[in-house]
Amino acid sequence: MAHRKVYLAVGRTNTRIYRFDPIDGDTRLVDGVPAYAAGYTAMGAQYRGEGKEPLLFAVSGNELVTIDVEAGKVTHEPVQGLPSGKPWYDGDTDVDGKTLFVVSDPGEPSYSIDLVTKTATKGHTPGSGRWDDFAHHPKDGRLISVEGDNGDLLFIDRSREPMKTVLKRQVFEPAEASSSVGSRKSYSATFFDDDGMFFAVDSAGNVNQLDLTKSTVPDHAKRIGGGKIPVHDLEVMNGAGRITPLPVPPSYDEIEVTKSFATAWESSDPRGKVYSFHLNLTAVSKSTHQPEDVHKFRISFDLPTVQGVKVVASGVDVIYQDGKAYIDSQQQQLLPGGQSRTVDVQITVPGDPQKLPAEYPLHGLKATRLA
């Protein structure tokens, strides 16, 4: 089971859940899930079927924290056999989603937590280093992690003592800390796509990609997106989930975009409404507020995943995945820094015209610079 988005635990205390879209860097606070004051890490996901949000599990002290993203509920229960007073770092669920495997400091035992009985079984020690998350490879089940201090790619072998083995040295750039107090320089959120492409996000929100779809390991990972994911300088603490493979190159280099609603009319095939918008792009970086030339762009926004939904605009390619539309310009065309251009878009939304809104809200509207 996989979705377009993964889940990030953000903030050392008062930890919140964010959804992260690796295509456009869209990182949104899950408003319905309350903050957890004590903080938690070592997170894993348990998928519950097509079209449903997963349950997320993490640990805090000697308690199992269960995050129900759909219900907006966070609960915690003590785990028999799990020691209290320990910091926890890495976590991931097994393939069947029934066990959460977690590790603490280098010389401390690891633990496998039965998510049904809430009991923990002691395992081998992790070994030295600053590695703060691991993820199971979807093809061979190996636990993969990244050393934050030097970027070594690690294999976590649960049958060894200690468990850490270096697969290849200095594959990733050294991790960066966020600007929040006490932030670690670690790769704190790791995940795979279904094909075996590996992603690692450091504490500061830099996203990296390594092709582990084949038996050979590349010498160097690629830092992707052209910017950090936006979490307001908080620390990325952990991550969970698996994604479908990226259909287009990612970009997080966000530029300014505004919308102007033009008109709407009813459609018959499919039955619904067509909404017309003028989307105004300005070649100014949203992170630095500085003008920058734009040669190619991407516009993205929320769109229901239903049959008949459609976006039409000239000179663009459009794809829909998991509730999002991605509109990429086809040709390079200079938009000088600080200047603006308008993209006219028509959006067909199926449904009862009497129940559809007068103006489609275009939630999640953003634009990124591709070149």
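## Burial and overall form

The model is a predicted one, in which local features need pLDDT of at least 70 and side-chain atom pairs count only at pLDDT 80 or more, whereas totals for chains, interfaces and linings use all residues. Residues are numbered from 1 along each chain as its sequence is written, and side-chain values use heavy atoms, with hydrogens and water left out.

The chain has 28 strands and zero helices, both being DSSP runs numbered from the N terminus (helices H or I of at least four residues, strands E of at least two). Its radius of gyration is 22 Å, close to the 21 Å that the globule rule gives for 371 residues, so the chain is as compact as a globular protein of that length; the radius is taken over C-alpha atoms, and the rule is 2.2 Å times the number of residues to the power 0.38. Along the principal axes, the C-alpha atoms fill a box of roughly 65 × 40 × 40 Å. The chain exposes about 16,000 Å², of which carbon and sulfur atoms supply 47%, as computed by the Shrake-Rupley method with a 1.4 Å probe, where for residues only the protein chains shown count as cover.

## Contacts along the chain

With contact meaning heavy atoms within 4.5 Å, 58% of the contacts between residues at least 6 apart in sequence join residues at least 24 apart. A local example is Thr-66, which is found in strand β6 (residues 63-68) and is buried, with a relative accessible area of 14%. Not counting residues up to four places away in sequence, Thr-66 touches Leu-55, Leu-56, Phe-57, Lys-73, Val-74 and Thr-75.

## Nonpolar cores

A nonpolar core is a set of buried Ala, Val, Leu, Ile, Met, Phe, Trp, Tyr and Cys residues joined through side-chain atoms within 4.5 Å. The largest such core has 27 residues, of which Ile-299, Phe-301, Leu-303, Val-311 and Ile-347 touch the most other members. The elements that give two or more residues to this core are β21 (254-268), β22 (271-285), β23 (297-302), β26 (324-329) and β27 (340-350), and β22 gives the most, with five residues.

Leaving aside neighbours within four places in sequence, Leu-303 is in contact with Val-309, Val-311, Tyr-320, Gly-323, Lys-324, Ala-325, Ile-347 and Tyr-360.

## Aromatic pairs

A search of the whole structure finds 11 aromatic pairs, where rings of Phe, Tyr and Trp (its six-membered ring) pair if their centres lie within 6.5 Å, and planes under 30 degrees apart count as stacked, over 60 as edge-to-face and the rest as tilted. The rings of Phe-101 and Phe-134 have centres 5.7 Å apart and planes at 15°, so this pair is stacked. The pair links distant parts of the chain, with Phe-101 in strand β9 (residues 99-102) and Phe-134 in strand β12 (residues 134-136), 33 residues apart. Phe-101 counts as buried at 2% relative accessibility, and Phe-134 counts as buried at 1%.

Phe-191 and Phe-199 also form a stacked pair, 5.1 Å centre to centre with 5° between the planes. Phe-191 is buried, with a relative accessible area of 1%, and Phe-199 counts as buried at 0%. Ring pairs link Phe-20, Phe-191, Phe-199 and Tyr-252 into a cluster.

## A charge over a ring

Arg-158 lies over the face of Phe-101, at 3.8 Å from the ring centre; a charge sits over a ring if NZ of Lys or CZ of Arg is within 6 Å of the ring centre and within 35 degrees of the ring normal.

Key: Buried means under 20% relative accessible area, exposed over 50%, partly exposed in between (1.4 Å probe, protein chains only).
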